[in-house]
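Take a look first, then we'll walk through a few spots.

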Amino acid sequence: MFTLYKSQTINNLIKKIFKKKKNNLVSNPLQNEIFITNNKATSKLVKILITKYTGISANIKFKKIDFLLYKIIKKIKKKKYKTKKFFIKKKKIIWKIFKTFKKKKKKKKYFIFSEKISEIFKKYLIYRKNWIKNLKKKNISKQKIYIKIWKKIIFKKKYNFYKLLNFFKKNLKKIKKDIPKKIFILNITSIKPLYLLILYQISKITKIYILFSGPNYFYKKKILNYKKIKNNLLKNFGKLGYEYINILIKKKIKIINFYKTLKNKNILNNIKNKITKIKKNNKIKKNDKSLQIYSCNSKYQEIENLKIQISNILEKKKNITPKDIIIYAKNIKKYKFYIKTIFNSKKKIPYSILNKKNKKIEILFKIIKFLLNIKNIELNNKNIFYFLEKKYILKKFLINKNEYIFLKKIIEKTKIFSGLDNKHLKKKKNPEIFQNTWLFGINKIMLNISINKKNKIWNNILISNLTKNKNNLLIGKLIYFIKTLKNWKKKISKKKKIKKWKNIFNKIIKFFIPKKKNLKKNIKKIKKKWENFISLGIKEKNNKKIHIHIFKNFFLKKIKKMIYKNKKENFISNKIKFCNIEYIKNISFKVIYILGVNNKNFPKEQKFDINDITQYHKKNGDINVFKKDCYNILELILSAKKYFYLSYVGYNERTHKKKNKSIIIKELKKYIYKNFKIKKNIIKKKYKKNIFNNMIIYNEKYNNYKKLKYNKKKNKEKYYIKKKKKKKIKIKNLLNFWNNPIKYFYNKTLKIYLQKNIKKKKKNEPFKINSIKEYILKKKILKKIIKKKNINLLYKKYLLKGSIPYGYIGKNIWNNNIKKILTLLKNIYINFKKKKYKKINLLIKKKKLKGKIYFSKNNGILKWNPKKININDTIKLWIKHLIYCSYKKKGKSIIIGINNTKWKFKNIKKKKAIKYLNLYIKGYIQGKKKPLLITKSAICCLNNLYYNKKKKNKKIFLKRWKGNNFIQGEKKDIYIQKIIPNINSYLIKKLLKIAKFWYFPIIKNKINEKKKYIK
């Protein structure tokens, strides 16, 4: 018999079936009662439910449908090779297709192509079995391309996969003894339509029960026409369930309803009643919170909101415990970091993230991936230490963590970039720069051990005391490790026959993985998959020589899937559960929360594949991701007992613009507003606390920054109540503030130090010096020229270190830098006079300035820098010049830089100098309390207006704001991003006003020898 039990939830169905039933089970596994499920997680939760109502669940077994059918066929035909022909594997199809391509070139592309076609043909076998017989009769032009390939894949013997249904029809009498008496099926939508037809044939011998938890598609024991369904929510989301029930109803089946009427006056219960075709009044309580939708600004905010809602529920309602709450997401990996930070903070709530990683297999996967891809990987300093960092490799080569850190520091100083030796560089077709190879670096380290003298050159090698004699063994281990990698690269880079690739996994275990009891099981599983995959290629008689990079990616995908398998998890523990939607289904919880219901993420759109012909001829039960995601929400609404919450990110995290809402949220809102009389605030409850990248600084609604203004009234009241002491201000702090006032506010007042995640470019060999290193080099050259020392030794040391490029490029860079410094020295000698050092104690309106300044009596402050003069340099010199003028000195201050860049200030009277100083001190005090918005792009705009007299403010500002390939724009500065994420015309005007107020006196008091624009 084939019977269909229907209800809102599986919990309700298991109650009614298993309360009255007694367990009369037999020891033989095929005579036991069997539950067909997809996951171990659902089977464990169902076991817990059965034990509640019956007390026993030991003899009930949970299996997948593929495994059950395989066991039945095996009993009929005792030989294994005949049963396996029914279940064609993807590996077999790939090797068969790959054999058809006889061209020598582009073999990797043919293997990827055969992998894609194997998926499509496996789909045809299950969903379009009649196409195989009538392949030539079809008038589809695109199908003719694959006729030759298809004939070679299909077996011409008796037992084929598409003949599986006929096989069960003929051999029903033989199966009687071996089939169990009762079979229970959960989740029809996960079972393939061909398997449903096979189960219908088996139902003539045994009893099969389908437990269907979902919406009701019937009216008076007759199925409704899909087009005539009036409920829009059921019509838009319930298409997949309707298709599967339509397949079952074509056959003779019993249908039994167990739908309940829900009495609580909730939005959630009223929606459930309407989906299941039970009439109920639309009256709802005033303060109803059973169904809520939250829109947030970021993922961090989503989970912060989640914690607040859960803590409120647990405090108010004592019936609900943490084990009654489940939280779903399409991909829970994206939220892991935020869950750990928020839920482990104050007011901890117990939680567990299901489907965790198996860390042992994950480390093995990374090791195998590196070793198989070693031909394409550059043997850099970084890549080799990334590989050596793994636990099992450190133990194999007998290296501790402290020794590993020590080795890393030494090799960074030797400046090894890439290449094992000169032969390796020739193969890469790179210039032969022996300094940056591993062979040269190790020779350098060995000389450092034998000779204990610093900064000496011997045989074109610079000696410096990097190591001691105690570390000889450690360097010996490193040499052995690099030799093994070198030998391994030779083995893998050559072409081989498929038979020889079979034993290569044993060599990986021999050379790179230590012998441990914990790893034996995991290594055996991976080894079996490797040997089975290659043995299928040997059976197909692929005798040609092949590179390993052709088929390695297919093998690595299979190991990656193993990372999330075979991990034991506690479902009974009193904790909140986080998991993916497909991991647990149809089981009811008191509180259900879904994260990340964003547009194009949930539901996902079905990808269109040109090679797949099933997309042109659609049928009931076809695979469709969009339909599955929509149907999942209907199932989750029915399985939520008391509360059902949704959340999504409504704004873009970078631009802070509104995103389009997903179809699920739009349709839910429409349905509720039409059918229920309800206020808008109850459904769409926005989380109003504005957080910008985990910091409460920038309010999204106020782009005009009116809240940042200083409140003067409050400050005056405090002034009269308390007598303030004289403030002491250091000149160092004042100069550091005016160098970058926004950064100073974050670092000193908030004590926040941000770091940008820069994606560093790969360094094969240094053909260019970094701007910071070049500046340091110029400083050293300048000092040596002033002290009249030899520069050639410095050039040799830098060259042998590897910090200057080798050959003509390095010489040109060196000579250009010397020319620039010699011109700088000429300008210094013209203006140079002896400096005097003075301690400063200035009183400016009850504010003390303390510090040191170097200057001459008559000529003022003289400064030089081996770089182009910057805006920051001018501001620093301006403040020092004001301090100098406040002592009634009559000199002029100058700063000199490279490429004839100068900046000179005229002498100012004492009163004016004190006025200006007081203003900049006030700015310093005000800027410590709230950020002072001075930007370089606004200052550059002012310079252009003053000298060139151009009025195109916005264009000049935006050029500096956005930047070029050569100059980084202020838009990319981390500290400015936090306060000014978006720029408007209103903000540009405001920033120009601020820059004009603070920087205009600097331009005004400049002596214009040559009109030049500062960058």
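In which sense do strand β20 and β21 pair? They run parallel, with 3 bridges between β20 (residues 862-864) and β21; two strands count as paired if DSSP finds at least two bridges between them. Helices (H or I, at least four residues) and strands (E, at least two) are DSSP runs, numbered from the N terminus.

Before going on: this is a predicted model, where local features need pLDDT of at least 70, side-chain atom pairs count only at pLDDT 80 or more, and totals for chains, interfaces and linings use all residues. Residues are numbered from 1 along each chain as its sequence is written, and side-chain values use heavy atoms, leaving out hydrogens and water.

Back to β21. To get there from β20, the chain passes through helix α37 (residues 871-885), a right-handed β-α-β crossover (with the strands pointing away from the viewer, the path from the first strand over the helix to the second runs clockwise). On its other pairing, β21 meets β22 in the antiparallel sense, and N899 in their hairpin has a positive phi near 60 degrees.

| Pair | Sense | Bridges |
|---|---|---|
| β20 and β21 | parallel | 3 bridges |
| β21 and β22 | antiparallel | 4 bridges |
| β1 and β8 | parallel | 4 bridges |

That last pair belongs to an open sheet of 6 strands, ordered β3-β2-β4-β5-β1-β8 with parallel pairing. Its edge strands are β3 (61-63) and β8 (254-257), each pairing on one side only.
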